[in-house]
Amino acid sequence: MKRKFNVAKTLTFVVLCLYALSMIILLAWMAMTSLKPRRNWDNDLNYLGWPSKLTLDNYKTIFKQYYVSDPFRPGEKIGVMAQIFNSVQYAIVGGFLTALSPLLVAYVCSRFNFKFNKILEGTVLVTMMLPIVGSTTSMVSMMYSLNMYNTFLSAYCMKFVFNTLYFFIYLGIFRATSKEIYEAATIDGATELTLMIRIAFPLMINVFSTVWLIYFIQYWNDYELALVYLPSHPTLSYGIFILSTDTSASKGVNYTTMKMACGMTLVVPTLILFIFLKEKLMTNLSVGGVKE
């Protein structure tokens with residue numbers, strides 16, 4: 001049986017292929033530029049061609065010379081390795097907390113039939129639909145009052161929120177899980193804490209790890225939080241933002257080829273993660289349970 005030609009699906013496929021191709025071309029150009037000698041770009045004006053000589057000098061230079069100045073400690077210089085370390089801990093812990101918070105609230109809403117659950121669900125829905133703007137000033141003021149400004153603790157507190165899309169994903173999976181699992185464990189003497197830790201959460205481990213990975217990639221590229229709340233703990237994305245906007249920053253590396261090398265340093269870890277974990281990111285979510 002021949003399949004009918006679907007115009008909408010074909011156009012969607014073509015548009016997505018063109019979009020993916022544009023991203024691949026940009027990444028390839030960025031990688032190629034990062035391997036060019038500085039003279040090949042500035043003097044030879046080789047903007048689109050293959051490098052006259054493949055070199056890693058740009059990467060060596062940014063790791064040795066590039067730094068971000070600490071606005072609160074004059075003379076303090078934070079190098080690339082320190083920026084990478086800040087990025088790793090912010091992305092790992094921040095992503096874990098952002099993935100965990102909606103999981104906890106979703107479990108409570110699915111496990112206990114309280115009227116307040118509807119208020120929680122409505123709150124998440126409303127805050128997702130109505131963006132909250134203009135709160136940065138008050139947030140910074142509150143962090144100063146609590147002596148938490150410019151600390152990772154403040155960043156982690158801001159990431160421990162449950163009003164995200166994944167709250168409804170968790171909630172739907174919890175509600176689809178057979179109640180007989182909890183009832184059987186309760187008969188065997190399991191407490192509510194045991195039910196949550198040893199039964200409910202293991203069923204969600206694949207979904208949770210996928211959400212954690214998605215947030216890790218998001219926070220790895222997040223420069224805004226470090227710019228506003230962590231100026232003394234710059235992440236690598238924050239450092240690249242400063243390099244691309246402040247022409248006076250680290251004059252020894254403020255050149256196009258070195259900027260591309262710095263950008264590739266940020267891109268490569270997430271690219272490797274996607275290559276090895278793409279099946280986990282793209283897989284369908286399924287729920288296990290007992291047959292009724």
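Is Glu192 buried, exposed or partly exposed? Glu192 is partly exposed, with a relative accessible area of 35%. Here are some notes on the rest.

1. **Ground rules.** This is a predicted model, in which local features need pLDDT of at least 70, side-chain atom pairs count only at pLDDT 80 or more, and totals for chains, interfaces and linings use all residues. Numbering runs from 1 along each chain as its sequence is written, and side-chain values use heavy atoms, with hydrogens and water left out.

2. **Glu192 and its partner.** Glu192 makes a salt bridge with Arg111, with the closest N and O atoms 3.2 Å apart (a salt bridge is a side-chain nitrogen of Lys or Arg within 4 Å of a carboxyl oxygen of Asp or Glu). Because Glu192 sits in helix H10 (residues 192-203) and Arg111 in helix H4, the pair ties together parts that are 81 residues apart in sequence. Arg111 is partly exposed as well, at a relative accessible area of 25%. For these labels, buried means under 20% relative accessible area, exposed over 50%, and partly exposed in between (1.4 Å probe, protein chains only). Helices here are DSSP runs (H or I, at least four residues), numbered from the N terminus.

3. **Other salt bridges.** The structure holds four salt bridges. One of them joins the side chains of Asp42 and Arg38, at 3.2 Å from N to O. These two are four residues apart in helix H2, which means about one helical turn separates them. In general, an α-helix has 3.6 residues a turn, so residues three or four places apart point the same way. Asp42 is partly exposed at 33% relative accessibility, and Arg38 is partly exposed too, at 37%. Another salt bridge pairs Asp70 with Arg73, their closest N and O atoms being 2.7 Å apart.

4. **The largest pocket.** How much space lies in the largest pocket? About 890 Å³. Its lining has 21 residues, and the closest to the centre are Ile132, Ser135, Met158, Lys159 and Val161. Helix H5 (116-129), H6, H7, helix H11 (205-220) and helix H12 (224-229) each supply at least two lining residues, and H12 gives the most, with four. As for terms, a pocket is found on a 1 Å grid over the protein atoms alone, as an open set of points where a 1.4 Å probe fits, with protein on both sides within 12 Å along at least five of seven lines; lining residues have an atom within 4 Å of a point. The volume is the space filled by probe spheres set on the points, which are joined across faces, edges and corners.

5. **A nonpolar patch.** Leu27, Val268, Leu271, Ile272, Phe274, Ile275, Phe276 and Leu277 make a nonpolar surface patch of about 680 Å². Such a patch takes residues with over 30% relative accessible area and no salt bridge, with nonpolar side chains (Val, Leu, Ile, Met, Phe, Trp, Tyr) joined within 5 Å; areas come from the Shrake-Rupley method with a 1.4 Å probe, and for residues only the protein chains shown count as cover. Helix H14 (residues 256-282) gives the most to this patch, with seven residues. Ile275 belongs to H14 and is partly exposed, at 45% relative accessible area.

6. **Pro269, also in H14.** Pro269 lies in helix H14 and is partly exposed, with a relative accessible area of 29%.

7. **Buried spots.** Seven of the 10 residues of helix H13 (residues 236-245) are buried, so the helix is largely enclosed by the rest of the structure. The buried ones are Leu236, Ser237, Tyr238, Gly239, Ile240, Ile242 and Leu243. Over in helix H4 (residues 80-111) there is Ser101, buried at 5% relative accessibility. Leaving aside residues up to four places away in sequence, Ser101 touches Phe160, Val161 and Phe162 (contact means heavy atoms within 4.5 Å).

8. **Two positive phi angles.** Leu45 is not a glycine, yet has a positive phi of about 55°; look for Leu45 in the loop between helix H2 (38-42) and helix H3 (57-65). Asn147, not a glycine either, also has a positive phi of about 55°. Asn147 lies in the loop between helix H6 (136-145) and helix H7 (152-159), and counts as exposed at 70% relative accessibility.

Definitions and conventions: Patches are made of residues with over 30% relative accessible area and no salt bridge: like charges are joined within 9 Å, nonpolar side chains (Val, Leu, Ile, Met, Phe, Trp, Tyr) within 5 Å.
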